[in-house]
Structures are given as structure tokens and as C-alpha cells.
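Dear colleague,

Please find the structure below for your records.

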Amino acid sequence: MIPLSEYAKEISIPKQILSYLQREGIINDPLSREDQLCLQFLEKIWGNKEILRAQLSRLSLKARHSFLRTADLPTKWERYASSRYFNLAPGQKLEMSTLIEEIQTTFCFLLTRQQIKRLYKIRNRVQVAKYREKKRADKQPDSSLT
């Protein structure tokens, strides 16, 4: 039996994923021989495009776009903030203070200055993405007019 923290140094699967698997009861800490075999198998298929494609194909196109847009955001509260800004109707505004209050209430913790700065970056990123999306839509000729 090997401690999970020690095994995490030897394997290419992110430690965050190993912690998730342990919280879900899929693996134990310390790792049994069976757990190690399962993780070796997972490591072999980790990031395989064919497997990812099959998994993503089960999602709707809208869900895939949403997933890809927020895939690099590691925490739920960051994904929540991104979705709140992305789903705003044109012309609608969401005050940062309102969002901060929503996050603190929903996720039951106080945001630090660094986390609030992160929210501003997320908001700016969404604004740029929406602007580019709008520009792309404006460039495409309206097929209903032909």
C-alpha cells in the first residue's frame, strides 16, 4: 500500500483528479494494489482524443460549447461567474458587487482580493469572447435574405 500523495508524484494524472477520485470513493488512500492497477489503466487512456470525442459526443452542442468555454477554469465558482456573464442578454448588466455576493452566498465562503481580481479577468475574458462571437456573426452573410 502506497500513500496517494507519494503516488501522485509518479503519475501523469493531475493530483486534483486523484483527490476527486478519492473523495468519490473510487480509490482509497493509501492505494491498494487494485487502486494502482486502475490508475495505471486510467493513465494509459488519459487525454486520448478518441475517448474524449466519444464522451463529448454525448453532450448537446450547446453543452459542449459551454464546457469548452470553461474547461480551463478549475473551480465551480469561476465557472459559475463565467456562465453568469456569458448568459447575460445583450444590453443587460451584472454588477461585480452583485456577482461577488451571489458567489459568497452560493458557495459559502468569502472571496479574497486575489479571487476578486480573478473575477475581473473572467468578466473581461467573457466580454472579449462575446465581442468576437458577435463580430463573426456580423461577417457571415444572412442566408435568409438570398
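I begin with Arg64, which lies in helix H5 (residues 61–70); helices here are DSSP runs of H or I with at least four residues, strands are runs of E with at least two, and both are numbered from the N terminus. This is a predicted model, in which local features need pLDDT of at least 70 and side-chain atom pairs count only at pLDDT 80 or more, while totals for chains, interfaces and linings use all residues. Residues are numbered from 1 along each chain as its sequence is written, and side-chain values use heavy atoms, with hydrogens and water left out.

Individual residues

With a relative accessible area of 27%, Arg64 is partly exposed, where buried means under 20%, exposed over 50% and partly exposed in between, computed with a 1.4 Å probe on protein chains only. Leaving aside residues up to four places away in sequence, Arg64 touches Leu56, Ser57 and Leu59, contact being defined as heavy atoms within 4.5 Å. Between the C-alpha atoms of Arg64 and Leu4, which are 60 residues apart along the chain, the separation is 32 Å.

Ser5 belongs to helix H1 (residues 4–8) and is partly exposed, its relative accessible area being 41%. Its C-alpha atom is separated by 37 Å from that of Tyr85, 80 residues apart along the chain.

Is Ser82, by contrast, buried or exposed? Ser82 is found in helix H6, and its relative accessibility of 2% makes it buried. Residues up to four places away in sequence not being counted, Ser82 touches Thr70, Leu73, Ile122 and Val126.

Arg118 is located in helix H8 and counts as partly exposed at 26% relative accessibility. With residues up to four places away in sequence again not counted, Arg118 touches Leu73, Trp77 and Glu78. Arg118 and Trp77 are 41 residues apart in sequence, and their C-alpha atoms are 11 Å apart in space.

Helix packing

Two packed helices are described by the angle between their axes and the distance between the axes. Here the axes are lines fitted to C-alpha atoms, for helices over the stretch in contact, and angles run from 0 to 180 degrees between N-to-C directions.

H6 and H8. These two helices pack with their axes 9 Å apart, at an angle of about 40°. H6 and H8 are therefore oblique to each other; angles under 35 degrees count as roughly parallel, over 145 as roughly antiparallel, 65 to 115 as roughly perpendicular, and the rest as oblique. From H6, the contact is made by Trp77, Glu78, Ala81, Ser82, Tyr85 and Phe86, and from H8 by Gln115, Arg118, Leu119, Ile122, Arg123, Val126, Lys130 and Glu133. Those residues divide into 7 nonpolar, 2 polar and 5 charged, with Ala, Val, Leu, Ile, Met, Phe, Trp, Tyr, Cys and Pro taken as nonpolar, Asp, Glu, Lys and Arg as charged, and the others, Gly among them, as polar.

H6 and H7. The axes of helix H6 (residues 76–86) and helix H7 (residues 96–107) come within 11 Å and cross at roughly 140°. That angle makes H6 oblique to H7, and H6 passes H7 in a right-handed crossing. On the H6 side the contact involves Lys76, Trp77, Tyr80, Ala81, Arg84 and Tyr85; on the H7 side it involves Met96, Leu99, Glu102, Ile103 and Phe107. The division is 8 nonpolar, no polar and 3 charged.

H7 and H8. The axes of H7 and helix H8 (residues 113–139) come within 11 Å and cross at roughly 120°. H7 and H8 are therefore oblique to each other, and H7 passes H8 in a right-handed crossing. Met96, Leu99, Ile100 and Ile103 of H7 make the contact with Ile116, Leu119, Tyr120 and Arg123 of H8. This set divides into 7 nonpolar, no polar and 1 charged.

Cysteines

A disulfide is a covalent bond between the sulfur atoms of two cysteines. How many disulfides does the count come to? With a disulfide taken as a pair of cysteine sulfur atoms within 2.5 Å, the count comes to 0 disulfides. Cys38 counts as partly exposed, at 43% relative accessibility, and Cys108 counts as exposed, at 68%.

Yours sincerely

Conventions:
A crossing is left-handed if the near helix is turned anticlockwise from the far one by less than a right angle, and right-handed if clockwise.
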